[in-house]
Amino acid sequence: MADVDPTRSPVPGTQERPARKQRALASKTVAAVAVAFLLIAFGVSNNDEVAVDYLVVTRDSPLILVIAVSALLGAIIGGLVVRRRSR
């Protein structure tokens, strides 16, 4: 290894680019963080009580809780649909 010249540039084409899956995963992660940030900001600014009709009863719940539960259920259902399609 003493023969290697550290100032010499590597041979073109020998450096590997990240795979498309890795780039897609990184962009999906950035998008997920942006959506989460927007949901948090939206939920914090809407802290009113709202009437929610559950199957049996109607109760007043904080709007932030309704938004969080809806986002969580949407993410779970979306993840299951994407997982099902990829098989």
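**Close-up 1. A nonpolar patch on the surface takes in Ile40, Val44, Ile64, Leu65, Val69, Leu72, Leu73, Ile76, Ile77, Leu80 and Val81.** Together these residues have about 1000 Å² of accessible area (Shrake-Rupley method, 1.4 Å probe, with only the protein chains shown as cover). Patch members have over 30% relative accessible area and no salt bridge, and nonpolar side chains are joined within 5 Å; a salt bridge puts a side-chain nitrogen of Lys or Arg within 4 Å of a carboxyl oxygen of Asp or Glu. Helix 2 brings the largest share, nine residues, and Val44 sits in helix 1. Helices here are DSSP runs of H or I with at least four residues, strands are E runs of at least two, and both are numbered from the N terminus. Keep in mind that this is a predicted model: local features need pLDDT of at least 70, side-chain atom pairs count only at pLDDT 80 or more, and totals for chains, interfaces and linings use all residues. Residues are numbered from 1 along each chain as its sequence is written, and side-chain values use heavy atoms, with hydrogens and water left out.

**Close-up 2. Strand 1 (residues 49-53) and strand 2 (residues 58-62) make an antiparallel pair.** Five bridges link them (pairing takes at least two DSSP bridges). The two strands form a hairpin, with four residues between them. Across the pair, Ala51 stands opposite Asp60 and Val52 opposite Arg59.

**Close-up 3. The largest pocket holds about 260 Å³ of space.** A pocket is an open set of points on a 1 Å grid where a 1.4 Å probe fits, with protein on both sides within 12 Å along at least five of seven lines; lining residues have an atom within 4 Å of a point. Helix 2 gives the most to the lining, six residues. The lining counts seven nonpolar residues, three polar and one charged, with Gly classed as polar; among them are Lys28, Leu39 and Gly78.

How values were computed:
Grid points are joined across faces, edges and corners, and a volume is the space filled by probe spheres set on the points. Patches are made of residues with over 30% relative accessible area and no salt bridge: like charges are joined within 9 Å, nonpolar side chains (Val, Leu, Ile, Met, Phe, Trp, Tyr) within 5 Å.
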